Amino acid sequence: MTTLDFKQLFEQSPGLVVVIDTDFTVVAASEGFLQVTKTKRENIIGRDIFHAFPNNPGDISANGEAVARDSFIRVLTTKMADCLPIVKYDIPKPESEGGGYELKYWQTTSSPMLDENNNVKYIIHRTEDVTENKDTHNAA
């Protein structure tokens, strides 16, 4: 299997996966992730994940960014996977859908990808959209 095959395998994956570097810059995203977050690869690659997916400014209780950032920091610090409880993290809607934000709940796991010196090189952030199954009283 070639490097190009691996890239295509990842990008065309139906799984909801985004890869960020240690500065939280998006370096890769699966097609499944792009579809569910209603984004385009060229609009998020190279951007800080929290600029690409900011907290909903219309929700004063929004804490999804802080919860995700804390998880990423734990991955960097412990070099171990970090699984979060269900988190409310609204996503920006495209202008073609009227703009604004869409209510979303996620189950996420962030895992380190280590380099040859056992340092975190990337964080693999795997998500599952659980909005339809969510009991809204249990979100972080």
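Met1 sits in the segment before α1 (3-11), where helices are DSSP runs of H or I with at least four residues and strands are E runs of at least two, numbered from the N terminus. This is a predicted model, where local features need pLDDT of at least 70, side-chain atom pairs count only at pLDDT 80 or more, and totals for chains, interfaces and linings use all residues. Residues are numbered from 1 along each chain as its sequence is written, and side-chain values use heavy atoms, leaving out hydrogens and water.

**Confidence**
- The chain averages a pLDDT of 92, pLDDT being the predictor's confidence in each residue, from 0 to 100.
- Confidence is lowest in α1, at a mean of 85, and highest in strand β3 (residues 82-83), at 98.

**Salt bridges**
- The structure holds 11 salt bridges, each a side-chain nitrogen of Lys or Arg within 4 Å of a carboxyl oxygen of Asp or Glu.
- Glu11 pairs with Lys7 at 3.8 Å between the closest N and O atoms; they are 4 residues apart in helix α1, so about one helical turn separates them.
- Arg74 pairs with Asp82 at 2.9 Å; Arg74 is partly exposed at 35%, while Asp82 is buried at 12%.
- Shared partners also link Lys38, Glu97, Glu102, Lys104 and Asp129 into one salt-bridge network.

**A loop residue**
- Asp48 lies in the loop between α3 (41-44) and α4 (49-52).
- Asp48 touches Asp23, Phe24 and Thr25 (heavy atoms within 4.5 Å), leaving aside residues up to four places away in sequence.

Notes:
Buried < 20%, exposed > 50% of the residue type's maximum accessible area, 1.4 Å probe, protein only.
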